[in-house]
Amino acid sequence: MTTSPAVDGSVVELCAVLGDETRWQILALLGARAASASELARELPVSRQAIAKHLELLAQVGLADRERAGREVRYRALGSRLTELAEQLETIGRGWDARLARLKDVAENLPRE
């Protein structure tokens, strides 16, 4: 398992959290339905303890929410944080598109030899 990133709420931190394949898999499963660490461990090739650590980190950065149901803690994915990240990435993408369009214009208008 990779080291956990520091939790400070930044976009960089969120990207670091999402950079782990196991956390992606957990998030994908939680997007379909709420689940406990034990349920997820039955579906993934990772121990329940490792799943619990991943779930805690996902909860800390706002990608998952936990709810106690008796002795069990169930997690569900929260789309709002992903939507926020997608909007920020879209803004960055539009900036790059504009830069590349300007570069293309400059290149096309260079005098030909």
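Modeller: What follows is a short exchange on helix packing. This is a predicted model, in which local features need pLDDT of at least 70, side-chain atom pairs count only at pLDDT 80 or more, and totals for chains, interfaces and linings use all residues. Residues are numbered from 1 along each chain as its sequence is written, and side-chain values use heavy atoms, with hydrogens and water left out.

Biologist: At what angle do H1 and H5 pack?

Modeller: H1 (residues 11-18) and H5 (residues 79-108) pack at about 115°, with axes 11 Å apart. Helices here are DSSP runs (H or I, at least four residues) and strands likewise (E, at least two). Axes are lines fitted to C-alpha atoms, for helices over the stretch in contact, and angles run from 0 to 180 degrees between N-to-C directions.

Biologist: Which residues make the contact?

Modeller: Val11, Glu13, Leu14, Cys15 and Leu18 from H1, with Arg81, Leu82, Leu85 and Gln88 from H5. Contact means heavy atoms within 4.5 Å.

Biologist: Switching to H4, which residues are buried?

Modeller: Ala50, Ile51, His54, Leu55, Leu57, Leu58 and Ala59. Buried means under 20% relative accessible area (1.4 Å probe, protein chains only).

Biologist: And what do they pack against?

Modeller: The buried residues of H4 pack against H1, H2 (21-32), H3 (37-43) and strands E1 (64-69) and E2 (72-77).

Biologist: What is the relative accessible area of Leu58?

Modeller: Leu58 has 0%. Beyond its neighbours within four places in sequence, Leu58 is in contact with Val17, Arg23, Ile26, Leu63 and Ala64.

Biologist: What follows H4?

Modeller: Gly62, with a positive phi near 85°.

Conventions
Buried means under 20% relative accessible area, exposed over 50%, partly exposed in between (1.4 Å probe, protein chains only).
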